[in-house]
Amino acid sequence: MSKIRRFIDIGGNLTDAMYSGVYNGSKKHQPDLQQVLQRSWEAGLNKIIITGGNLEESKKALELANSDVQFIKNCFHHEITPYLGIQWARLYTTVGCHPTRCSEFEQDGQNPNEYLEKLKEVILTGKSKVVAVGESGLDYERIQFCPKDTQKKYFEYQLKLSESLQLPLFLHCRNAADDLFNILKEYDGLKGVVHSFDGTSEEAQRFIELGYYIGLNGCSLKTQDNLNTIKSLPSNKILIETDCPWCEIRPSHAGYKFISKENLSIPSIKKEKWRPDYMVKSRNEPNNIRQILDVVASVRNEDADELSEKNLSKHLRFIFPMKKRYNKTNISNKNCINNIMAFINK
């Protein structure tokens with residue numbers, strides 16, 4: 001019997017309309033997020049971090065993340081404390097504003113500081129359910145949505161928010177590595193991950209030298225140049241993710257040939273023929289993180305089981321320093337703790 005691999009997906013856009021059955025404004029099927037999540041837990045997902053793309057999305061993401069606390073409480077009935085009900089839940093979130101949406105800081109003539117304060121309010125309300133500031137950064141491939149100067153200005157607003165609240169950064173970078181690096185190097189002491197990385201080895205190394213991790217998903221595995229970059233990365237600086245419902249690994253991608261038969265056999269169906277027990281074709285899901293592991297392990301010639309455990313450990317140290325938090329709590333019920341640890345590690 002093969003070993004059960006465990007994962008943390010650091011980037012899932014679970015508030016996207018596709019999980020409500022809506023594609024490009026057209027309703028195709030009933031909401032199926034619960035089925036998506038169930039497939040994820042069955043695939044070995046330990047936790048999923050929901051991506052906040054702007055103020056409203058961040059609010060929805062926090063609401064969704066909080067919905068999972070009740071699951072943990074139900075699992076352990078009255079033995080579990082409210083503190084551990086939050087800390088050992090499976091859904092968490094980031095809070096921030098995507099670079100292509102940074103014009104929202106100035107929307108309707110509002111004071112940009114008011115928007116920033118509202119983001120901060122969501123973070124403080126969410127407490128330990130909010131694990132990073134983002135998705136923030138720079139995107140020079142889509143400046144039609146937000147000019148470069150506006151992106152840079154409000155990226156720095158969010159860097160200061162991360163600095164003041166001592167939260168990691170969940171960073172976006174598209175065709176903007178030089179500017180992103182030059183801004184980040186002015187902020188000592190910040191940490192984070194440059195997610196969905198599709199740049200060069202040299203660009204990755206510059207971010208790593210600043211102390212940042214590199215996040216890999218299907219968009220990181222498109223070309224042979226991408227795969228060569230992945231080979232060059234230090235193993236202790238790689239995190240894997242899906243960025244679902246986007247960034248699936250497509251048959252045309254260089255990395256596709258490395259996906260195992262087992263992880264290509266998950267049944268999928270067109271959205272117009274939706275069934276609750278099937279994935280939707282061309283809509284990525286967290287459970288496809290197994291495919292990312294297949295490709296990264298193969299390209300780097302590493303054992304997939306070992307890489308999975310190393311990645312989980314890095315995620316826990318980077319974003320979820322659970323042991324430290326747990327030791328600060330006043331818990332007297334050892335059975336409760338044993339139950340929780342058995343659940344997390346199963």
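Q: What volume does the largest pocket have?
A: Rolling a probe the size of a water molecule over the atoms shows where empty space is left. In this predicted model, the largest pocket has a volume of about 1100 Å³. Its lining comprises 40 residues, and those closest to the centre are Asn-13, Asp-16, Arg-142, Asp-243 and Trp-246.

Q: Which helix gives the largest share of the lining of the largest pocket?
A: Helix 2 does, with three residues. At least two lining residues each come from helix 2 (55-67), strand 2 (22-23), strand 6 (130-139) and strand 7 (169-174). Sorted by class, the lining of this pocket consists of 18 charged, 12 polar and 10 nonpolar residues.

Q: How many cavities of 30 Å³ or more does the structure hold?
A: There are two. The largest cavity has a volume of about 40 Å³. Its lining is formed by Gly-218, Glu-241, Thr-242, Cys-247, Glu-248, Ile-249, Asn-284, Asn-288, Gln-291 and Ile-292. Five of these lining residues are polar, three nonpolar and two charged.

Q: Which residues line the second largest cavity?
A: The second largest cavity holds about 30 Å³ of space, and around it lie Phe-197, Asp-198, Gly-199, Leu-216, Ser-220, Asn-226, Thr-229 and Ile-230. Helix 9 supplies the largest share of this lining, three residues. By class, the lining of the second largest cavity has four polar, three nonpolar and one charged.

Q: Helix 9 also packs against helix 11; at what angle do their axes cross?
A: Two packed helices are described by the angle between their axes and the distance between the axes. Here the axes of helix 9 (residues 224-232) and helix 11 (residues 289-300) cross at roughly 70° and come within 9 Å. The two helices are therefore roughly perpendicular to each other. On the side of helix 9, the contact involves Leu-227, Ile-230 and Lys-231, while helix 11 contributes Val-295, Val-296, Val-299 and Arg-300. Five nonpolar and two charged residues make up this contact, with no polar residues.

Q: What is the mean pLDDT of the protein chain, and where is the pLDDT below 50?
A: The mean is 89, and 86% of the residues of the chain reach 70 or more. Over residues 77-86 the pLDDT is below 50, and this stretch has 24 contacts in the model beyond near neighbours in sequence. Residues 322-346 also have a pLDDT below 50; beyond near neighbours in sequence, that stretch has 38 contacts in the model.

How values were computed. Residues numbered from 1 in each chain as written. Predicted model: local features only at pLDDT ≥ 70, side-chain atom pairs only at ≥ 80, totals over all residues. Heavy atoms only, no water. 1 Å grid on protein atoms, 1.4 Å probe; cavity = no way out; pocket = protein on both sides within 12 Å on 5 of 7 lines; lining within 4 Å. Points joined across faces, edges and corners; volume = space filled by probe spheres on them. Helix = DSSP H or I, 4+ residues; strand = E, 2+ residues; numbered from the N terminus. Nonpolar A, V, L, I, M, F, W, Y, C, P; charged D, E, K, R; others polar. pLDDT = per-residue confidence, 0-100. Contact = heavy atoms within 4.5 Å. Axes fitted to C-alpha atoms, helices over the stretch in contact; angles between N-to-C directions. Parallel < 35°, antiparallel > 145°, perpendicular 65-115°, else oblique.
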